[in-house]
Amino acid sequence: MRIGLIGQPNCGKSTLFNQVAGYKAETGNFSGTTVTYTESAVRLMGGVVNVVDLPGTYSLAGTNPAEREVIKYLTSNEIDVVVNVLDASNLQHGLLMTIELLELNIPMVIALNMMDEADRAGIHIDVQELETLIGLPVIPMIASKGRGIQPLFIAAFQVGQKRQLPNQPKYSHQIEDALDVLAGSLSDVESNLNPRALAIKLIEGDSIVFDEISDEAPGIKANLETIKQSLVHQFGESADWIVSDARTQLANQISAVVIKQGKRKITLRDKLDDVLLHPFWGYIALVAIMFIFFQAVYSVGEMIEAPLMEIFENLEVWIEAQFSNPEAFFSQVLIGLSQGISGGIAIVLPYLVPFLIGLGLLEDVGYLSRVAFMMDALMHKLGLHGKSIVPFILGFGCNVPAIMATRILEDKRERYISAALSTLVPCAARLAVVFGLVAFYLGPGLALAIYLFDLFVIALTARLLNKFLPDDSPGLILEMPVYRVPTVQAVFNKAWWRIREFIVEAWPLLIIGSVTLAILNFLNVSSYLNTLVRPISWALGLPGQVGVPLIFGVLRKELSLVMLGQALGSMNFPLVLSSVQMITYAVFVVFYVPCLATMLVIRKEMGMKAMWSIVGLTTLIATLAGLLARILASIFY
Amino acid sequence: MKLLDAPKNIPLNIINYTGGRGVDSKLRQLGLCPGRVVKILRYAPLGGPVMIEVGGRSVAIGRGIAAKIKVEKI
């Protein structure tokens with residue numbers, strides 16, 4: 001049996017899912033879309049059922065891809081029973097979607113979650129009355145504390161087994177008459193939706209549903225127009241909203257009967273926004289919180305990276321010692337293998353794990369939405385919305401989590417721009433290059449100048465990208481969730497699923513890439529590699545030998561410094577490079593092609609096309625920025 | 001009057017809005033439909049969004065949209 005969890009955002013649906021899901025839960029995409037769901041096997045009453053966590057949506061209007069996929073999935077017979085999770089402290093609003101779900105005519109039960117929140121808000125709900133009014137089992141629960149979960153799934157199991165269908169919500173007789181007429185003419189149409197639900201969608205002006213069925217029901221267009229006109233005449237309102245208003249009325253009627261509003265208890269967290277969203281203290285808090293977050297991720301990462309890297313470096317020395325000729329083929333391949341493995345375990349994962357846990361915490365506490373609120377105006381100047389500040393900040397640690405963080409953005413265009421811009425943020429590895437080359441030999445002030453230059457280039461790129469991908473979104477509409485203490489399970493599960501994606505999908509490719517480069521190196525193709533990069537190195541006034549370190553730098557950015565010494569024959573860079581060349585090289589390394597791990601994550605998140613276009617874009621930016629740096633540096637040196 | 005110009009912390013009645021089908025349906029999903037009572041809680045600095053309370057929950061909406069929502073004092 002398969003049980004689907006559905007509910008509005010912030011209703012605690014995912015908390016519920018995480019309470020029952022194991023570490024083996026799988027995330028998947030609805031075919032052909034970026035809309036994701038999570039599924040897990042759960043033991044129940046001596047058997048095993050599958051529980052699916054569907055994306056949170058406010059309604060089933062089908063105005064965005066997530067809603068459309070949810071409707072399709074719910075009506076596809078893949079789900080045996082639906083658990084509609086409602087936030088008890090916001091019942092009236094949640095019921096709107098419950099009523100929409102009833103229209104789909106599929107077996108379902110109601111999980112009345114967050115009973116503790118309702119209590120705090122002074123809301124008392126008559127559960128039995130609610131059950132009678134909507135004709136479905138209603139199970140009160142507190143998912144974050146694990147209360148009511150067992151009774152909920154037992155009820156769902158029973159309803160699913162009997163395939164017990166709910167009663168249809170009854171609207172005013174004018175609407176019901178219209179639905180009857182329309183549904184009558186749709187009874188032969190093949191669709192997942194039942195005729196009545198189809199009729200509702202048509203009256204609501206759902207053009208996709210209309211296109212799907214208009215071939216099968218040729219006369220439907222004229223029929224629909226007549227019915228709509230008569231409804232508009234009777235209600236004096238656009239037909240699009242007539243059913244929606246009827247649902248609202250019904251939800252209000254039910255709420256009025258079952259809810260008793262008592263006195264609201266004012267708690268500390270009600271006051272929290274006064275500080276965190278304050279025009280002055282709010283920004284201080286934002287900077288402090290982001291600083292702590294970044295520091296925590298960075299220091300945990302560093303703490304793990306350093307000893308792990310040492311182990312791998314020793315391993316590589318040991319491998320070379322095993323062969324009489326350290327340049328032997330197998331020695332090189334093994335070292336390439338070791339570098340690929342260490343790239344994942346010692347460089348990416350130490351930052352990715354603490355980062356994902358931290359991001360999950362900020363998200364589940366409810367702070368990310370506040371960040372969006374505070375940063376919206378500023379990010380608008382870059383053609384983005386408030387939330388996209390998060391990937392930028394994280395990019396300074398490692399670009400891989402930064403790309404993953406673009407998931408918090410809904411809009412595809414915004415995700416792409418944020419991802420492209422975050423790859424321009426110098427990560428810790430590039431910091432090593434800037435410090436090792438520029439700060440060490442030419443002074444820290446110049447390293448800072450490169451950082452400022454980087455911010456300037458990011459802002460400029462953002463403006464340009466906006467010219468080509470104009471912002472057509474009308475503006476922010478975002479719910480501010482109540483502050484909550486997140487559950488450990490939810491935060492860890494979420495982090496683990498994403499880490500697993502990196503391990504399974506990106507890491508193996510990183511290892512293959514690493515070994516391939518080692519083989520190329522063995523075959524002594526360095527002169528070809530140098531020729532390949534020559535147009536750029538020539539334009540930037542760099543020696544031809546930088547080709548190899550730059551290409552290996554794609555694998556891991558710090559290699560572009562380590563291998564530079566090898567390529568030029570000296571680690572004492574001022575002997576082999578002029579000051580202008582050092583600055584130009586560092587600037588180019590900061591911007592050019594994101595590292596392989598980042599590229600793979602971009603491909604995973606946004607597709608091949610996005611990956612290559614970002615590679616092309618960053619190469620172009622790096623060349624232009626390098627040229628500019630060369631010119632500027634020539635003036636001073 | 002426009003929601004954007006309305007005073008803070010005073011109950012307001014939504015008269016209507018026209019932001020195009022996408023915006024309208026998103027506003028409705030968050031409980032902002034004609035006839036509902038809302039209250040402006042705060043403004044984000046630097047011309048950022050407006051935070052309003054509707055039916056016990058807080059919703060942030062961009063100023064461009066807030067300018068298209070007509071309200072009246074109760």
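In this predicted model, A:Glu39 is buried, with a relative accessible area of 16%, because a residue counts as buried when that value is under 20%. The side chain of A:Glu39 meets that of A:Arg2 in a salt bridge, in which N and O are 2.9 Å apart. A:Arg2 lies in strand E1 of chain A and A:Glu39 in strand E3 of chain A, so the pair ties together parts that are 37 residues apart in sequence.

A second salt bridge joins the side chains of A:Asp53 and A:Lys13, with a distance of 2.7 Å from N to O. Here A:Asp53 belongs to strand E4 of chain A and A:Lys13 to helix H1 of chain A, so this pair ties together parts that are 40 residues apart in sequence. Both ends are covered, for A:Asp53 has a relative accessibility of 8% and counts as buried, while A:Lys13 is buried at 6%. Helix H1, which covers residues 13-20 of chain A, has as its buried residues A:Lys13, A:Leu16, A:Phe17, A:Asn18 and A:Val20. In an α-helix there are 3.6 residues a turn, so residues three or four places apart point the same way. The buried residues of H1(A) pack against several elements of chain A, among them E1, E3, E4 and E5, and also helix H6 (149-162) and helix H21 (488-522).

Most residues other than glycine have a negative phi. A:Asn10, however, has a positive phi of about 65 degrees although it is not a glycine, and A:Asn10 is found in the loop between E1 and H1 of chain A. The phi of A:Asn105 is likewise positive, near 55 degrees, and this residue sits in the loop between helix H3 (91-103) and E6 of chain A. A:Asn10 is partly exposed, with a relative accessible area of 31%, and A:Asn105 is partly exposed too, at 27%.

Elsewhere in chain A, the side chains of A:Glu605 and A:Arg415 form a salt bridge of 2.7 Å, N to O. A:Glu605 is in helix H27 (residues 596-606) and A:Arg415 in helix H18, both of chain A, so the pair ties together parts that are 190 residues apart in sequence. Both A:Glu605 and A:Arg415 are buried. A:Arg415 is also in contact with A:Thr406, whose other contacts beyond its neighbours within four places in sequence include A:Pro391 and A:Met606. A:Thr406 is placed in the loop between helix H17 (399-405) and helix H18 (412-422) of chain A, and at 0% relative accessibility it counts as buried.

Taken as a whole, chain A contains 28 helices and 10 strands, and 56% of its 637 residues are buried. Among its contacts with a separation of 6 or more, 74% are between residues 24 or more positions apart.

Chain A also meets chain B, in a contact that takes 33 residues from chain A and 29 residues from chain B. The two chains bury about 2800 Å² between them, 58% of it on carbon and sulfur atoms. The count of salt bridges between them is four; in one of these, A:Asp245 pairs with B:Arg28, the closest N and O atoms being 2.9 Å apart. Among the elements of chain B that each supply at least two residues to this side are helix H1 (21-29) and strand E4 (57-61), and H1(B) gives the most, with eight residues. E4(B) is joined by four bridges to strand E10 (residues 477-480) of chain A, the two running antiparallel, and in this pairing A:Glu479 has B:Val59 as its bridge partner.

Note on methods: Residues are numbered from 1 along each chain as its sequence is written. Chains are lettered from A and ligands numbered from 1 in the order in which they are written. This is a predicted model: local features need pLDDT of at least 70, side-chain atom pairs count only at pLDDT 80 or more; totals for chains, interfaces and linings use all residues. Side-chain values use heavy atoms; hydrogens and water are left out. Contact means heavy atoms within 4.5 Å. Buried area is the accessible area (1.4 Å probe) that two parts lose on being put together, summed over both. Two strands pair if DSSP finds at least two bridges between them. Buried means under 20% relative accessible area, exposed over 50%, partly exposed in between (1.4 Å probe, protein chains only).
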